[in-house]
Amino acid sequence: MPDGDYESRRAYEDVRESCPPLGLETLKITDFQLHASTVKRYGLGAHRGRLNIQAGVNENDFYDGAWCAGRNDPYQWIEVDARRLTKFTGIITQGRNSLWLSDWVTSYKVMVSNDSHAWITVKNGSGDMIFEGNSEKEIPVLNELPVPIVARYIRINPRSWYEEGSICMRLEILGCPLPDPNNYYHRRNEMTTTDDLDFKHHNYKEMRQLMKVVNEMCPNITRIYNIGKSHQGLKLYAVEISDNPGEHEVGEPEFRYIAGAHGNEVLGRELMLLLMQFMCQEYLAGNPRITHLIEDTRIHLLPSVNPDGYEMAYEVGSELGGWSLGRWTQDGIDINNNFPDLNTMLWEAEDRKRFQRKVPNHHIPIPEWYLSENATVAVETRAVIAWMEKNPFVLGGNLQGGELVVAYPYDMVRSTWKTQEHTPTPDDHVFRWLAYSYASTHRLMTDARRRVCHTEDFQKEDGTVNGASWHTVAGSINDFSYLHTNCFELSIYVGCDKYPHESELPEEWENNRESLIVFMEQVHRGIKGLVRDLSGKGIPNAIISVEGVNHDIRTASDGDYWRLLNPGDYVVTAKAEGYTSSTKNCAVGYDMGATQCDFTISKTNLARIKEIMEKFGKQPISLSIRRRRQRARQRRQRR
């Protein structure tokens, strides 16, 4: 940014904002539009020279972290074909993403052409302009052109590079494609939306204001509340959408979307803000699908779990934050992996007691060390846990960025020392369906023709993946939610670009809108019901077991429950302490809507005796003590 007066800075901002990125990072620019003078190998070809592209752990011949020239000399170049006349305004560059090597370009020239044969070099007065490049490999550097230039092709010609490295670059081009009514190819591929929504990035204050606007538009179906505060004291605001906001209705399932655990993955945050606007507008317009969903579901939207991190990313903008600025909380914690590791507790208990008695497979308590003040736990994480424990959530999705896939638990491998291994839950078939319900209705996730974001091709599982088979993570929100609560949680990666430019938001909304709604509707799959005693009173914390599935759930405070299941016939048992168990056959059909499966259970004889004795002020004697006393009496009589 120039060091001049206020007017020059404003002029700089106008140029910077006037033209969005062409789409190297978002993959709008295809591999066929990228060319280079030479390449070191295929995995470092021109198609890998995209801003923020990641090499991953395996830097190999197919997926590496930049374009790297085959030779280190000043005659190398990388070229972008915009396929139409474009007003170019700037270039953003990075070095090579690598765990092991340090490669970046320190200066370069820029050339433009209309036919890829005759090239004009951008001038600075009478001489060729030399643009200052990078001083390290990850922080993006923006250079504006002295004046916007109209051309079809743009070429970057490195002039100097890190002396201990090689010519390697990742880049994004800022430019405005000029109207071309005669070009059918571009008109066919341009995405538009008919929804009248606020398509922009919202900082914390603007997010809060937008929530208020939605609440004022739809006061009868919305409620704004907060679940706690961030490290810097920003409130973690949520919006509830329901026909009776503020209260749990017996028999009505609760759903949640969470976004922004990584503060720089902002697309999920904006999708949540767009979703609450859309649902309010469609409800007012009488859309029967949305009305039915709101009347039969209590929906919670938490757009920003890490507002401190978001504000850091927001300050530098959509292209200049790199891959990680704002990812962590203010005190350096990754919220997404900051939950208690209950997997290890479960698996160790199962291994110890394999030949003894059955180990509890649900509602595993949080270990005491995690609850201590000295534990490395973010205040945001503690707030989310308290929120999860307070509400009887049935299904949830946490929106993330940087990939295009739906990941389902477990996220942690069971085998020691392995970093990748398919590790299914007892509800693997249900999780696979839930993941596929989102991926299959997304415009791009299951498109076999689309290019992979970085290094992983998820098409073999139709845009879904078991988290542990991708990369192992201990203490994920998905695993914790499954093992500590009734809620089935999945991670939904909504786009290759963590922080897309504002101009991309309408298209991203169209990509995800149907998926967001379909996924919410899945909360009504499986069985539901009430567990009551003989007087008709609901029994809280009753255990619902499904034969053949080693994972139980529990009833809410009013005795109501929801159990997500795929279509089929199930043997279901309800049991509670002090009550006789009851078993039923419950059938789940293919039509949307959970099957009603109620239970009435009676107290055991021992429980009745205890009640009678307590009523008259006598303490019941346990059967084990009674037997021991009787045996001692018999021994004395024999003597």
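Modeller: Let's start at Cys-218, which is buried, with a relative accessible area of 3%. Keep in mind that this is a predicted model.

Biologist: Thanks! What does Cys-218 form a disulfide with?
Modeller: Its partner is Cys-280, and their sulfur atoms are 1.9 Å apart. The link of Cys-218 and Cys-280 is right-handed, with 90° about the S-S bond. Cys-218 sits in the loop between helix 3 (204–217) and strand 11 (222–229), while Cys-280 belongs to helix 4 (residues 267–284), so the pair ties together parts that are 62 residues apart in sequence.

Biologist: And Cys-280, is it buried or exposed?
Modeller: Cys-280 counts as buried, because its relative accessibility is 2%, under the 20% cut-off.

Biologist: Remind me, what is a disulfide?
Modeller: It's a covalent bond between the sulfur atoms of two cysteines.

Biologist: How many disulfides does the structure hold?
Modeller: There are 5. One of them joins Cys-68 and Cys-168, with the sulfur atoms 1.9 Å apart. That link is right-handed, at 115° about the S-S bond. Cys-68 is in strand 2 (residues 67–68) and Cys-168 is in strand 10 (residues 168–177), so this pair links distant parts of the chain, 100 residues apart.

Biologist: Which way is the link of Cys-453 and Cys-496 handed?
Modeller: That one is left-handed, with -65° about the S-S bond. Cys-453 lies in the loop between helix 10 (428–439) and strand 17 (464–466), and Cys-496 in the loop between strand 18 (488–495) and helix 13 (505–521), so parts 43 residues apart in sequence are tied together. Both cysteines of this pair are buried.

Biologist: What's the pairing if I number the bonded cysteines in sequence order?
Modeller: You get 1-4, 2-3, 5-6, 7-8, 9-10.

Biologist: New topic: how many helices and strands are in the protein chain?
Modeller: The chain has 15 helices and 26 strands. Its C-alpha atoms fill a box of roughly 115 × 60 × 45 Å along the principal axes.

Biologist: How much of the chain is buried?
Modeller: Buried residues make up 54% of the 639 residues. The accessible surface comes to about 29,200 Å², and 50% of that belongs to carbon and sulfur atoms.

Biologist: Last one, what about charges?
Modeller: The chain has 74 positive and 87 negative charges, and their mean positions are 11 Å apart.

Definitions and conventions
Residues numbered from 1 in each chain as written. Predicted model: local features only at pLDDT ≥ 70, side-chain atom pairs only at ≥ 80, totals over all residues. Heavy atoms only, no water. Helix = DSSP H or I, 4+ residues; strand = E, 2+ residues; numbered from the N terminus. Buried < 20%, exposed > 50% of the residue type's maximum accessible area, 1.4 Å probe, protein only. Areas by Shrake-Rupley, 256 points an atom, 1.4 Å probe, with all protein chains shown as cover. Lys, Arg positive; Asp, Glu negative; His and termini not counted. Charge placed at Lys NZ, Arg CZ, Asp CG, Glu CD. Disulfide = S-S within 2.5 Å.
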